[in-house]
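Me: I have a model open and would like to understand the words used to describe it. Could you take me through them?

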Amino acid sequence: MKTIFSRSVALLALGLSLGLSSCDDKLDINPSQSIDATTALGNQANVGSAVVGMYAQLGGPTLYGTDLILVPELMAADNYIQFQGSFTQYRALVNRTTNASTSTAETTWRDAYEAINTANLVIDALPVVTTPALKSQYEGEARFVRAMLYFELVRLYGKQYEPGGANAQLGVPITLVPVKSLEQATVPQQRATVAQVYTQVINDLTSAIALLPEENPARATTFTAKALLARVYLQQSNFAQARILADDVIRNSGKALSPTLSSVFTGRNTSETLLEIQQNDQNNAGTSNNGLATFFSSIGQQGRGDVRVLPAFANLYGANDARGTASLLYEGTGTNRAAGQLRTGKWIAFGQNIPLIRLAEMYLIRAEADFRAGNIPSALVDINRVRTRSTATPLTAPQLSLATILRERQLELAFEGFRLHDLKRTRTNIFVPASGNNPAREVDINSDILVLPIPLREINVEPGLIQNPGY
Amino acid sequence: MKQKFLLSLVWCLLLVTTAWAQTRTVTGRVTDADGSGLPGVTVLERGTTNGVSTSADGAFSLTVQPNATLVISSIGYNTQTIPVGDQSVINARLGTNETVLNEAVVVGYGSQAKSEVTGSVTQLSSKDVENVPVVSFEQAIQGRTPGVTINQTSGKLGAGVQIRVRGASSVTASNQPLYVIDGIPVTSQDVGTDVEPLNPLADLNPNDIESITILKDAASAAIYGSRASNGVVLVTTKSGRQGQTKVNVGYYVGTSETTRRQKFLNAAQYNELFRESAANAGITDPDEVDALFLDFGIDLNSGVDQNWSEEAFRTGKVSQYDANVSGGDAKTRFYLSTTYNDQTGIIIGNRFRRGSARINLDHSITEKVKVGLNLSLTRSVNDRIPNDNAFTNPVQLNALPPLQPKIDPETGELNQLTLYTNNLVDIERVTNRAGTYRSFSNAYLSFNPIKNLTIRTEAGADFLNLNEDIYAPAGTSSGGNTGEGFSNQTQVMNYTTNNTANYLLTLNEANTIEALAGFSFQRSDLKQTSAEGRGFPNAEFTRIASAAIKTGGSSSSRDEFSFVSFFGRVNYAYQGKYLLSGSVRRDGSSRFGANNKYGTFGAGSVGWVISEEGFLQDNSIVNFLKLRASYGLTGNAEIGNFLSRGLFTALPYADQAGIRPSTVVGNPDLSWESTAQTDIGLEFGFLDNRISGEIDVYQKNTDDLLLGRQLLYVNGYNTVTENVGKLENRGLEISLNTRNFDKDFKWSTNFNISFNRNEITELTSPIQSGQLASVREGQPIGVFWGRKYAGVDPANGNALYYAEDGSTTDEITDSPLQVVGNPNPDYTGGITNTFSYKGFDLSVLGQFVYGNDIYNSAGVYQAVNGDFFDNQTIEQLDRWQKPGDRTNVPRAELFSGNGAQASSRWVTKGSFLRVKNVTFGYTLPASVAKLGFLQTARLYVQAQNLATITNYDGYDPEVNTAAFGQGNYVLGVDFYTPPLAKTFLVGINLGF
């Protein structure tokens, strides 16, 4: 009896001690779909992957995948497009009843700063990149992405830049520190002024122009950075600088207008574009609740058909203008929408690329700058270059005015996320046509409601952040 | 050779006889108070697992150790404890006891007599969960569990069930209890890919359950250490008993309906409201009005009156066949069962089927060595419907204007030109099926090397294989223009080994000590492989192999965790009067940060059986009185598996592979949540247990909340998971059981009521969800935080909100955000009345929930005075129309957003009283049954969710949508969520 007992005790003890010694291994389980952050950017190849990841972040639905393009259109929808969808955050933008807890303001802000942090981490990790050309390219790409996002943020969350003014109105917080630890992630932040944000954007783009290569397939080149800087200067009404850069891109980038505008959107990385978000059927911004084709298209069962192009806008295209014909403005066939309503042909496939900067914009920038500088013939040539590509009747010199140039921008760049920003920089109020018994009226382009709120969630976390007026 | 064999056989026999010489065989008969034999009574040798159950006439025979004590127990009767001494025949007469005070209670790694338990536990028996038309057993015990609230959340079959044991003890980590089936922790959290969870416990056949024990306080649960804070649910499956073989077959069949429906506008009402709405928006010219509506595909003059909201529902069906055989002899006991359950849901397109088989086997190799095996295999198939937030959710049909027809008059087909998708097309043509293979299995070996010492080793595996298949052909809303398919295979292997030694030491008559020590290891490995494709040649091709384009849902992944644990427990009893118990567990887990791999948890408890004291011993009124108190520390480890790490994840960019930092910043200090719980309980029995019950008060303080603390987005991350924050739950539970009549006519009542008050006592920053639900310091979890609706300005029909100073304003932004509702009930409970007379039995279970609020998140679309074209609830007809009108529904004005923003306008009281279950049965007298060669025969009719009394104006007040994949602090939110089913059935059980 006693032996049985002592043996079993011994066995049990042995079992327990075996168990004990191997325990720590048993608790050592690593994730299968992720890698540890401390070593993630430890070599050149991984930094390269993070640069790709940065572009992918840009293509997310809250950034260029949808919102950075859709939202500036919706916020100035009157007399242009009608939002027929059910998403309350978009309806509130159209109706100008947005409040501080709108999800759009929150998710765009969040994802922009996440991508900015990736850019900061890439810059921080550059010492491990041993190939000099790649090192400079990666830095240029990171600075370019950072600049692009700060530019979008300051336009959406701050009041318009006033040329010649102090621009002390609040912009967005600027963070250039690569955040890796909890300590860094809890540093409080304050909003910089609009002037400071523009200075940061211009600094980064200037560096990027120097760092980026002339060739970088499907990614940012030195000309992409110049083109974006032209857009930035235009937003500041710094027409002279904008012209220099646009002119440089037109002359030296090797880019050329595509034979048709629709081919820019149906093709991939055409000769016209300086930067596109790359998408395909596997990887895209979304097919049911996100994505440009989701909201804009209405083709049988495809697309929500939420954005209808109003006849008032469609009628601005002249008779021969390809931009007003079925390839670019088609009658939707979606089952949940009335027949015969117009939809844009720019966003018709879930997996299509999203052109962000294209050469036509550079012509339009140069035309506007030239016109403002009094160089009418040159402006006329540029405008007509854009028009004739789409078989629109060329304008005559007497027809050329600032208004027609700005209208040409609207016609050419419609549904690409320019509308609100152009109205703001040209101080053009939003025209709301008469409807029913309500007379026509104008909405002041400087209204508080045309600036997105700082996300309420962000202010809850950091009460020191100052909310925009009106929220 | 032959001789050698014979010789060894003789030796063996000799050995066996020597072994037999140390034991003795006891026979006897167990009868009830009237002297008739009681079948199925458990006769157990105390302190061991050696036992039998009595045969049809109450006889038993059991071989026991010398000086053994027999514990003779049966549910519904007083347990008797009889020392064997020199007797070889023991007859026992059991008095009835419907108070279940003295039954054996399953506890962690063992069992205990209820009277000796010093923790707070609730035990339910097979009869509470058998033959109830539900998918999983938790749904059957609603209303019967003091301190445990169970919310079915939705009428979808197999949907997740929310269970809170003594309130929510976490904000971001799971609040669901740990489920342990036959000693093995099982996968109880959803492993599917849909945003709405599937309940993995639906794979357990409720008819196989012998008992369910819910461990509520620290004393009972701390033996499960870092996973015990949310309570532990121990499920024990049936096992065979020595005696005559019993065969039981059962069948039920029935129909089901919705518990409640909601009313929407008909065509005339829609026309009236929306023409007014257009007029108020300045559009009065009839042509212009028609044109405006036609823009959205609505023909105001169509003459159609389609009742869309009713299209989502139908009469469901339920049926179940089941059979089991159990029995055994002194060496081998077995239980075999098989069942087939088929439920056709009340929501179109929804159906659940489950077939299962089980074998539970125990075998005594020798007197000292026993082995056993429990093996089950379940196949369940769930035809699912889309999540609440999908346009294809049938309940969303109620948003379609009644002016649009269901059938296109020209084609005779389903009309697809509707405001939102006519999802009847999808319901008809899309398949969405989740099929599961599940096996809960375990094997054990137990060894009694010496008297009173049991060494037991067991290994268990919970294998789950889930296959989700969705195919939407071209032309459906989900299938787009070319068809879409998705197929996902999830496999979870979750295995555990428990090794325990249990020693019962009786020092003398007065002092008994029972000690347990053990070691346990668990590892779970989840693998997922999915494929998604678009572009099918035609609807006859339904597999991804035929898809032209493989899309973004194609993936494979893996997720693992492990636990290593050591534990021990000591119970000490002095004269059965003073009870003392202590337990400790040390847990290590792969989930925790590098700096905190191991944690130690423990609890202590004391009990005083006052009725054993001299001054109460022969009291004619008080026959049982026990005071107990416990205090202990438990943990909650249910967070994601790798939250302590800072990680980079892959992010594809078209056809290139990129990486990015995860949105959660790493925290190497991450550790479990700790809950310190104090419990004081009183158990009583008066007048020979005619009145008995339990009262418990508790205080649960949870520290180190695993909280996804929100970080400033500006710094690049969303959250960090930290041990910050505190919350507490305080509560009172009362259960009271009475035997009102106890003669031929029997009537007993079981009543329970539970009060729980939850408060977040420390939080770094508030958490806010899109559905008003919020977590705030000083408030209970999940309070609705938003703007307070103040009704309608009688002068102009504008929606009003309360301003800071208490006045009203029609500028919603001038109204401060504040607490506008609380989804946590003030109290919950249930009452069961059971009657029996001769062969008739009737039981009525009522369930109540009082004082909670519900936020109808769909209100912004469906109850918003005709702001957009969605059909509106009937109440919207009460809109303001002219100055002086006093109403709560603002002026209808198309697109104006008048009263259309999220606010307390859609927060309403969610209290309800439900007649949960009524069962009326008739058992044939044994003499009659025998004529048909039957032991027993019972016929019954049953109604589940028979009546629901509530002021809630939505579908069903027992609701919480899971459509937004939100945190578990989102409670009481309705969003096109279907109601529960009301089921009527008839059934029969035959015993051979």
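Reply: Gladly! Let's start with a cut-off: two strands pair if DSSP finds at least two bridges between them. Keep in mind that this is a predicted model.

Me: What makes strand 5 and strand 6 of chain B a pair?

Reply: Strand 5 (residues 69–73) and strand 6 of chain B share four bridges. The cut-off is at least two bridges, so they count as paired. Their sense is antiparallel, and B:Ile72 stands opposite B:Gln80 in strand 6 of chain B.

Me: Which sheet of chain B holds these strands, and in what order?

Reply: In chain B, four strands form an open sheet in the order 3-2-5-6, with antiparallel pairing. From one strand to the next, the twist averages 20°.

Me: Why are strand 3 and strand 6 of chain B called edge strands?

Reply: Strand 3 (51–53) and strand 6 (80–83) of chain B each pair on one side only.

Me: How do you know that strand 1 of chain A pairs with strand 31 of chain B?

Reply: The same test works here. Strand 1 (residues 34–36) of chain A and strand 31 (residues 647–653) of chain B have three bridges in the antiparallel sense. At least two bridges are needed, so this is a pair too. Within it, A:Asp36 stands opposite B:Leu647.

Me: How many residues does each chain bring to the contact?

Reply: Chain A brings 77 residues and chain B brings 84. On the side of chain A that touches chain B, helix 7 (residues 103–124) gives the most, with nine residues. That side has 28 nonpolar, 39 polar and 10 charged residues.

Note on methods:
Residues numbered from 1 in each chain as written. Chains lettered and ligands numbered in written order. Predicted model: local features only at pLDDT ≥ 70, side-chain atom pairs only at ≥ 80, totals over all residues. Axes fitted to C-alpha atoms, helices over the stretch in contact; angles between N-to-C directions. Contact = placed C-beta atoms within 7 Å. Nonpolar A, V, L, I, M, F, W, Y, C, P; charged D, E, K, R; others polar.
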